[in-house]
Amino acid sequence: MDNPYKPYLVKLNKVTIENDARDLKTFEVCFINKEDEEKFTYTPGQFGWLSIFGVGEAPFGIASSPTEEGIVKYTVKRMGVVTTALHNLEEGLTIGMRGPCGNHYPLDKMEGKDVVIVSGGFAFTTLRSTIIYMLHPDNRKRFGKITCIYGARSSGELIYKDELKEWEKNSEIDIYVTVDKLNGDKWPEREGFVPAVTKDAAPSAKDAIALVCGPPIMIKFTQPVLDELGFKPDQVFNSLENRMKCGIGKCGRCNVGDKYVCKDGPVFSVAQLADMPKEY
Ligand SMILES: Cc1cc2nc3c(=O)[nH]c(=O)nc-3n(C[C@H](O)[C@H](O)[C@H](O)COP(=O)(O)OP(=O)(O)OC[C@H]3O[C@@H](n4cnc5c(N)ncnc54)[C@H](O)[C@@H]3O)c2cc1C
Ligand code: FES
């Protein structure tokens, strides 16, 4: 059996600065060994660990879709030791990656249903993965209407801008890009907080699943809107980001009640969260 703590060697293929503050970067990596690439099969919603040798490792949601063959992407905010070291790396260097870890968005439950995506800030990463996956010609017919509400504090803080603009032109997805405050920006044209825009967009709850990922305050104010629209607790899924150490259900660092967020999650339905202690 392979050692789950041993990272695969990956090459930093491409680094993209995502925001005006330059503290959010997308790291595209590719495997140094082909057989590692074949072992690393993932589903949207899962996370992986990036390690900088001699510094440490940290978990990040996988931002690429399994349909984007040959590469894996992560969008990382500069926070502390590992993320700062990562931000300082140059393209072409070798780093470590382990995973994939955790569960994923409920693709089986989403099949044949409309999918509503609600997100704010840089938590959009695994939802980007989900959108790319659902829009892929091999998968598009498996899902109903796709609606996405995505917001950030300002236009300079929106990530994946080129893709957002492309999706605005794509009839396969209804996308509402919003910022807290417009400052005479040419794009986007919408101002307002994510919960209010979700209320205006009013996606139907009939035969729909909602995936919600963002800052706690956004989730807190979005849930009543979804309740009002008729979404039941088993139709809404959140992704948690608890502090983790092992990522594989061994150390007990991430548990909420009897659930390990790293193994049983990070994706939980609102119905499941209601049965868990409120410590997440
Ligand atoms: C399942 C999962 C998915 C994640 N996905 C992403 C992602 O896609 N992109 C991304 O940028 N980050 C993501 N994170 C958070 C990321 O793991 C932390 O930012 C990272 O571990 C910080 O490491 P560091 O060594 O740079 O910071 P440290 O030096 O360890 O800490 C710096 C600061 O960050 C805070 N911090 C550390 N970890 C977390 C955390 N998990 N949540 C909140 N604050 C934290 C510390 O309290 C401290 O204030 C995810 C976390 C989890 C558990
Ligand atoms: S991080 Fe070790 S059990 Fe979850």
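Where is Arg-22 found? Arg-22 sits in the loop between E1 and E2, and although Arg-22 is not a glycine, its phi is positive, at about 60°. Helices (H or I, at least four residues) and strands (E, at least two) are DSSP runs here, numbered from the N terminus.

## Ground rules

This is a predicted model, where local features need pLDDT of at least 70 and side-chain atom pairs count only at pLDDT 80 or more, while totals for chains, interfaces and linings use all residues. Residues are numbered from 1 along each chain as its sequence is written, chains are lettered from A and ligands numbered from 1 in the order in which they are written, and side-chain values use heavy atoms, with hydrogens and water left out.

## Around ligand 1

Let's start with the ligand shell, where a residue counts as near if one of its heavy atoms lies within 4 Å. There are 19 residues around ligand 1, and Pro-59, Thr-75, Lys-77, Val-82 and Thr-83 come nearest. E4 (56-61), strand E5 (72-77) and helix H2 (81-87) each supply at least two residues of that shell. The biggest giver is E4, with 4 residues. By type, the shell splits into 10 nonpolar, 6 polar and 3 charged residues; Ala, Val, Leu, Ile, Met, Phe, Trp, Tyr, Cys and Pro count as nonpolar, Asp, Glu, Lys and Arg as charged, and the others, Gly among them, as polar.

Now for the polar contacts (pairs of N or O atoms within 3.5 Å; within protein, one must be able to donate a hydrogen and the other to accept it, and residues adjacent in sequence count only if both atoms are side-chain atoms). Pro-59 has a backbone N or O atom 2.7 Å from an oxygen atom of ligand 1. For Thr-75, a backbone N or O atom lies 2.8 Å from a nitrogen atom of the ligand. A polar backbone atom of Val-81 is 3.0 Å from an oxygen atom of ligand 1. On its own, ligand 1 has 890 Å² of accessible area, and the protein covers 74% of that. Accessible areas come from the Shrake-Rupley method with a 1.4 Å probe; for residues, only the protein chains shown count as cover.

## Aromatic and charged pairs

Rings of Phe, Tyr and Trp (its six-membered ring) pair if their centres lie within 6.5 Å, with planes under 30 degrees apart counted as stacked, over 60 as edge-to-face and the rest as tilted. That rule gives 7 aromatic pairs. One of them is Tyr-8 with Phe-31, edge-to-face at 5.9 Å centre to centre and 70° between the planes. Tyr-8 lies in strand E1 (residues 8-17) and Phe-31 in strand E2 (residues 24-31), so this pair ties together parts 23 residues apart in sequence.

Side chains of opposite charge can pair when their charged atoms come close. With a salt bridge taken as a side-chain nitrogen of Lys or Arg within 4 Å of a carboxyl oxygen of Asp or Glu, the count is 13. Among them is Lys-34 with Glu-37, at 3.5 Å from N to O. Both residues lie in helix H1 (residues 34-39), 3 residues apart, about one turn of the helix.

Two cis peptide bonds to flag. Gly-99 and Pro-100 are joined by one, with omega about -5°, and Pro-100 is in strand E6 (residues 94-101). The bond from Gly-265 to Pro-266 is also cis, with omega near 15°; Pro-266 sits in the loop between strand E14 (259-260) and strand E15 (267-269).

Tyr-160, a residue other than glycine, has a positive phi near 55°. Tyr-160 lies in the loop between strand E8 (146-152) and helix H5 (161-169).
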